[in-house]
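Keep the 3D view open as you read.

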Amino acid sequence: MSPANDANDARDATNGRDGEEGRTSEAAGASQGARGAGDAEAVTPAQGVPLLRSVPSAKGAAAVQGAGPSGRPIFVIGCPRSGTTLLQLMLHSHPRIAIPAETRFLLPAYTSRSDFGDLRDSVNRRALAEWITGRKETKFRDLGLDAAAVVEEIVAGPPTLGSALGIVFRAYARRFGKPRWGDKRPSYIKHVGTLLRLFPDAQFVHLIRDGRDCVASLNEMPWYKQDVYHAVCVWREAIDAGRRLASRLGPDTYYEMRYERLVAEPAIELTRLCAFIGEEYHPAMTEPQGIARVTVPKQKRWHDRTHSAVDTGRVGSWANRLEPWEIGLAELGFGARLQDYGYEPSELAARPTPRQLAQLARTGAHRRMAHRKADLRDRWQRRQEPNPVQCLLDTEAERPPLTG
């Protein structure tokens, strides 16, 4: 079996959501015993089902901080073009947290996990390690790590896929003298079940942005090869996935943020985020542009705004970037979700034609079928797994000494 091509987040949206319906609840059992990071704020969406949002309270923050610093992995998720790169840079600016730009080896490694055989055999662990560090399709080289040293560390490590991947991220954090790691990729929102299989103690930060801004931005990306109908579906699917995760994972594992609030009041929003992840807030998080100038590749011109100070300049810019029929298509496609999350409908919207509405319906149906097929493929692959996949690293024992 050939490794899956992990080309880009938006195009991955046509692939499966990795059995999110059936597996987040299975993995959520790992987090049932420690629900103290925040109070659940009940929000009633259009369907009438209470939606749990993680809102750290003073009591919750004190409980987390009283337990000592956390070593739990942090995953930043959301719709593509929702500001996840900005949030990744903010978290990476924290003196205890290291989160690289998109690595693109985690999901392909999981998809190809049966190809490596029994990882209790060190020869197979070496093959896995060399696959992770040597493939041109991934971004391992961007991590600035010694590939040979990482290979030897994986060979000497526990015999599971999650352990091998965790060793890579831990090495990246160690490069900066930091004890905690994370990863960022918008499409991870469809694969939280997989991530919890690999890292049962993981925490997830879902950044939500006005869907019309996401659609407008996707339409302008040189790497986005789909059309506006797919872009509407991408945001809608991210919101629906977030609702399922919120109700299943609970407030110490899943946390929602709004892009508009983050750029308007970064210190306040990041303080709340730090309470959720169990860390002290640090002012450097509000000035990620310094790190961006070093870590964001120059060829990624669509991330140019991360090189400047955080501002609200792009909030609501969809009004000038979308055609009236596209605004109308997005608002009809999103349904009540926009208003559920505080985004008001526009007077600029024009009603789409019946043909355009039919195309949106066909696109949505096609994507749902693709998700179901991917879920079935993964269920079959699970039966072929030669080893458990859970990370077995001792995060407490492996922490490097703190600096500063």
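Start with helix H18, which covers residues 354–383. This is a predicted model, so every value here is computed from predicted coordinates. H18 has 30 residues and reaches 45 Å from its first C-alpha to its last, close to the 44 Å expected at 1.5 Å a residue.

Which residues of H18 are buried? The list includes Leu-360, Ala-370 and Ala-374, but also Arg-367, His-371, Asp-375 and Asp-378. Gln-356 and Gln-381 are buried too.

## The whole chain

Now zoom out. The chain's secondary structure comes to 18 helices and seven strands. Of its 404 residues, 57% count as buried. The accessible surface is about 17100 Å², and carbon and sulfur atoms make up 51% of that.

## A strand on the inside

Next, find strand E3, residues 74–78. Five of its five residues are buried, so E3 is largely enclosed by the rest of the structure. In a regular strand, side chains alternate between the two faces of the sheet. In E3, Ile-74, Val-76 and Gly-78 point one way, while Phe-75 and Ile-77 point the other way.

What does E3 pair with? Three bridges join E3 to strand E5 (residues 180–184), and the two run parallel. Five bridges join E3 to strand E6 (residues 203–208), again in parallel. Phe-75 is a handy landmark here: it stands opposite Asp-183 in E5 and opposite Phe-204 in E6.

A search of the whole structure finds 12 aromatic pairs. One of them joins Phe-75 and Phe-199, a tilted pair with 5.9 Å centre to centre and 35° between the planes. Phe-75 lies in strand E3 and Phe-199 in the loop between helix H9 (192–198) and E6, so the pair ties together parts that are 124 residues apart in sequence.

Another pair is Tyr-172 with Phe-176, which is edge-to-face: 5.0 Å centre to centre and 65° between the planes. Tyr-172 is buried because its relative accessible area is 6%, under the 20% cut-off. Phe-176 has 32% relative accessibility, so it counts as partly exposed. Ring pairs also link Phe-75, Phe-105, Phe-169, Trp-181, Tyr-188, Phe-199 and Phe-204 into a cluster.

## Charges over rings

The charged end of Arg-113 is over the ring of Tyr-110, 3.8 Å from its centre. For Arg-209, the charged end sits over the ring of Tyr-259, at 4.5 Å from the ring centre.

## One last stop in a loop

Where is Glu-323? Look in the loop between helix H15 (318–321) and helix H16 (324–334). Glu-323 has 47% relative accessibility, so it counts as partly exposed. Glu-323 and Ala-350 are 27 residues apart in sequence, and their C-alpha atoms are 8.6 Å apart in space.

Conventions: Residues are numbered from 1 along each chain as its sequence is written. This is a predicted model: local features need pLDDT of at least 70, side-chain atom pairs count only at pLDDT 80 or more; totals for chains, interfaces and linings use all residues. Side-chain values use heavy atoms; hydrogens and water are left out. Helices (H or I, at least four residues) and strands (E, at least two) are DSSP runs, numbered from the N terminus. The expected span of a helix is 1.5 Å times one less than its number of residues. Buried means under 20% relative accessible area, exposed over 50%, partly exposed in between (1.4 Å probe, protein chains only). Two strands pair if DSSP finds at least two bridges between them. Rings of Phe, Tyr and Trp (its six-membered ring) pair if their centres lie within 6.5 Å; planes under 30 degrees apart count as stacked, over 60 as edge-to-face and the rest as tilted. A charge sits over a ring if NZ of Lys or CZ of Arg is within 6 Å of the ring centre and within 35 degrees of the ring normal. Accessible areas come from the Shrake-Rupley method with a 1.4 Å probe; for residues, only the protein chains shown count as cover.
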